Amino acid sequence: MASQKENLKKNNNSAAIATAEPPAGTKAKPKKKEESALEFIASIAAVFVTGLFIITFVVQAFEIPSKSMVETLLVGDHVFVDRVRFAPDTNWMKFAVPYRQIRRGDIVVFLSPAEAGLFVVKRIRGVPGDRLHLRDGKLYVNGQSQNEPFVAPHDGSYKAYRDNFPNVPATDFDQVTPEWRLTMNSHIQGEDLVVPPDRYFAMGDNRDISYDSRYWGFIPRENIIGRPLFIYWSFNTPEDQYQKRQLSERAAFIAHVILHFFDETRWRRTVNMVR
C-alpha cells in the first residue's frame, strides 16, 4: 500500500514537471533584459536634448508683461511662441516647415530695439514699402483707412504726437528715444512714414498707452522671435511685476501664485488662440 502511494506521488511530480516544460518543438521565451544604469541615463539625456531642441528652435514660453495689447493679450497671460513660422527658410527644410513672410496684422514677439534683452509683443501694422500715418488716432496705410476691430476703445484723451504721427513733432514729454528722433525724418515722405526694407512698424492693440514704433522706430527683421500661438495659462499679475528683479520680490510673488493659483487663474483664457 505504501509503495502504491509512493509511486502515485512520483507520477504526480513527473506530471507537474512535464507541464512546466515547454512543448517539444517550441522555444522558451527569453528573459527581458533589464535596463542598465548607463542606458537609463542615456534615455533621460535623449528626452532632455529633445525638449531643449523644441524650446530653443520650435516653441518658447513667454509671459505678457504690459497692458499694451489689451484686450487681445492681458498682463499675466502665458503664451507659447512659434519660433519656426517666421524663421529664415532653408532649402532642405522649406517643403516640410510652413515658413512664410511676416504680414500686416501678425502679432509678433521680438527683442526690443529700445531696451536690450527685453522681449516685447506687438502687432505688425506696416511691412517693408508701406506708407503709413495716423490722423486723430486713425491709422492709414498706403492711403487707406484701416479697419481695426482688435484695437481697444479710445480713452478720450488727446496727445498730438501719439494721435497724429508722424506729422506732429515729438516733445520732451513723449518719451521718444534719441535715436528715433535723429532718424525718423529721413523716412518721412509727405505726410507718411515709409517702412524701409527688412524693417517693420508695430503698435499695440491698446493704442492709447502702447509704447511702440511711434516712440522707438522700426523693428529689425533679425529681432523678431516668432508669433504667439495660444495662451496656456493666465494669472492675475501686477503690471510692474516684470520690473521687480530682487529675489525677495520674486519669491513673494511665487508664494502668492501658489496660494492663489485656483482663485486668480483666468480659467476662461486657458488654451485660447492668439489672433
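Predicted model: local features only at pLDDT ≥ 70, side-chain atom pairs only at ≥ 80, totals over all residues.
Student: What is the bridge partner of Ala-61 in β2?

Tutor: Strand β1, residues 59-63, also pairs with β2. That pairing is antiparallel and has five bridges. In β2, the partner of Ala-61 is Phe-80.

Student: Which strands stand at the edges of the open sheet, each with a single partner strand?

Tutor: The open sheet has five strands, in the order β7-β6-β5-β9-β8, with antiparallel pairing. Two of these strands have a single partner each, so one side of each is left without a neighbour in the sheet. They are β7 (144-145) and β8 (188-189).

Student: Which residue in β9 stands opposite Arg-131?

Tutor: Strand β5 spans residues 131-135 and strand β9 spans residues 192-194. They pair in the antiparallel sense over two bridges. Opposite Arg-131 stands Val-194.

Student: What is omega for the cis peptide bond that joins Phe-165 and Pro-166?

Tutor: Pro-166 lies in the loop between α3 (160-163) and α4 (178-183). The bond joining Phe-165 to Pro-166 is cis. Its omega is about -5 degrees.

Student: Where does Glu-71 lie?

Tutor: The peptide bond from Val-70 to Glu-71 is cis, with omega near 5 degrees. As for its place in the chain, Glu-71 lies in the loop between β1 and β2.

Student: Is Val-271 buried or exposed?

Tutor: Val-271 is in the loop between α7 (261-264) and β13 (272-273). Its phi is near 60 degrees, a positive value in a residue other than glycine. The relative accessible area of Val-271 is 56%, and the cut-off for exposed is over 50%, so Val-271 is exposed.

Student: What is the relative accessible area of Asn-142?

Tutor: Asn-142 is found in the loop between β6 (138-141) and β7. This residue, which is not glycine, has a positive phi near 55 degrees. Asn-142 is partly exposed, with a relative accessible area of 39%.

How values were computed: Residues numbered from 1 in each chain as written. Heavy atoms only, no water. Pairing = 2+ DSSP bridges. Helix = DSSP H or I, 4+ residues; strand = E, 2+ residues; numbered from the N terminus. Buried < 20%, exposed > 50% of the residue type's maximum accessible area, 1.4 Å probe, protein only.
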